[in-house]
Amino acid sequence: MPSTLALAPTSSADAATAGGTAAMQVAADLRRRILQGEFVPGQRLKIDDIAALCDVSHMPVRVALQELEAEGVLDLYPHRGAVIRAVDARFVRNMLALRAAIEVMLTEECARRIDKRGLAELEALAFDFEAAAARGEAFGVVSANLRLHDAINRVGDNPEALRTLGRGSLLIQALRVRYGFGPGRVENVIAEHRALLHAIARKDARRAAEVARKHCEGARDELLGLLER
């Protein structure tokens, strides 16, 4: 990845902007590599190696690692780089229990707040998920699912809940890319998405919450089953 630092800013303000942009690029690159399984739980990330890989100086790498530490993705150690957090069944169970509690609340609120424009966006994202599922692309399916639920959660309008929901979620998504879906699960997800959007369109908050809870519990049970194989 070309470094924005190579643009040689002419002022300290420009330098700060370029450094921030480089850090954002490094953070995005690290997220992508973790999601796709190139970097795995328990792996140590050295600042020198990441700087060389991303063609940047050490400073944006340090900033990027701090950002991912704040997101609950890795643990940062002074002068030693970082280690991606370990993932086991307990981690998955705890993360998805937290996700269920928050997403049920946000989905319920989404059903109360949604407007026609927001509903059209959700329908388009649900269609994207089904198209990715038809192509059989694990990464595409996981990404499309994440975009749909992110959109539902944003309508819930609770920044603090979103911040909590985001911690460590990348590691769960990476597990899903790695293990895929068991027999019949994608078809169940499609049916649940349709039921969820139907409830949201009717502004039936109680029904939307029920479907969201079932959806989260199904994801938890299936992912734990795949881990135990």
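**The largest pocket and its surroundings**

Author: The largest pocket holds about 590 Å³ of space. The model is a predicted one. A total of 28 residues line this pocket, and those nearest its centre are Arg99, Glu103, Leu146, Ser169 and Gln173.

Six helices each supply at least two residues of that lining: H4 (89–113), H6 (138–155), H7 (159–166), H8 (169–179), H9 (185–201) and H10 (205–227). The largest share comes from H6, which gives 7 residues. Sorted by class, the lining of the largest pocket consists of 14 nonpolar, 8 polar and 6 charged residues.

The second largest pocket can be described in the same terms. Its space comes to about 230 Å³. It is lined by 14 residues, with Ile47, Arg62, His79, Arg80 and Gly81 the closest to its centre. Two or more lining residues come from each of helix H2 (47–54), helix H3 (58–70) and strand E2 (74–77). H3 gives the most to this lining, namely 4 residues. By class, the lining of the second largest pocket has 5 nonpolar, 4 polar and 5 charged residues.

Back to the largest pocket: one of the helices that supply its lining is H9. H9 also packs with helix H5 (residues 116–135), at an angle of about 170 degrees and with the two axes 11 Å apart. Angles over 145 degrees count as roughly antiparallel, so H5 is roughly antiparallel to H9. On the H5 side, the contact is made by Leu119, Leu122, Glu123, Ala126, Phe129, Glu130 and Ala133. On the H9 side, the residues are Val186, Val189, Ile190, His193, Arg194, Leu197, Ile200 and Ala201. Taken by class, the contact of H5 with H9 has 11 nonpolar residues, 1 polar residue and 3 charged residues.

H4 is another helix that supplies residues of the lining of the largest pocket. Arg90 is found in H4. The relative accessibility of Arg90 is 60%, and exposed means over 50%, so Arg90 counts as exposed. In sequence, Arg90 and Leu224 are 134 residues apart, while in space they are 9.2 Å apart, C-alpha to C-alpha.

Methods:
Residues are numbered from 1 along each chain as its sequence is written. This is a predicted model: local features need pLDDT of at least 70, side-chain atom pairs count only at pLDDT 80 or more; totals for chains, interfaces and linings use all residues. Side-chain values use heavy atoms; hydrogens and water are left out. On a 1 Å grid over the protein atoms alone, a cavity is a set of points where a 1.4 Å probe fits but cannot get out, and a pocket is an open set with protein on both sides within 12 Å along at least five of seven lines; lining residues have an atom within 4 Å of a point. Grid points are joined across faces, edges and corners, and a volume is the space filled by probe spheres set on the points. Ala, Val, Leu, Ile, Met, Phe, Trp, Tyr, Cys and Pro count as nonpolar, Asp, Glu, Lys and Arg as charged, and the others, Gly among them, as polar. Axes are lines fitted to C-alpha atoms, for helices over the stretch in contact, and angles run from 0 to 180 degrees between N-to-C directions. Angles under 35 degrees count as roughly parallel, over 145 as roughly antiparallel, 65 to 115 as roughly perpendicular and the rest as oblique. Contact means heavy atoms within 4.5 Å. Buried means under 20% relative accessible area, exposed over 50%, partly exposed in between (1.4 Å probe, protein chains only).
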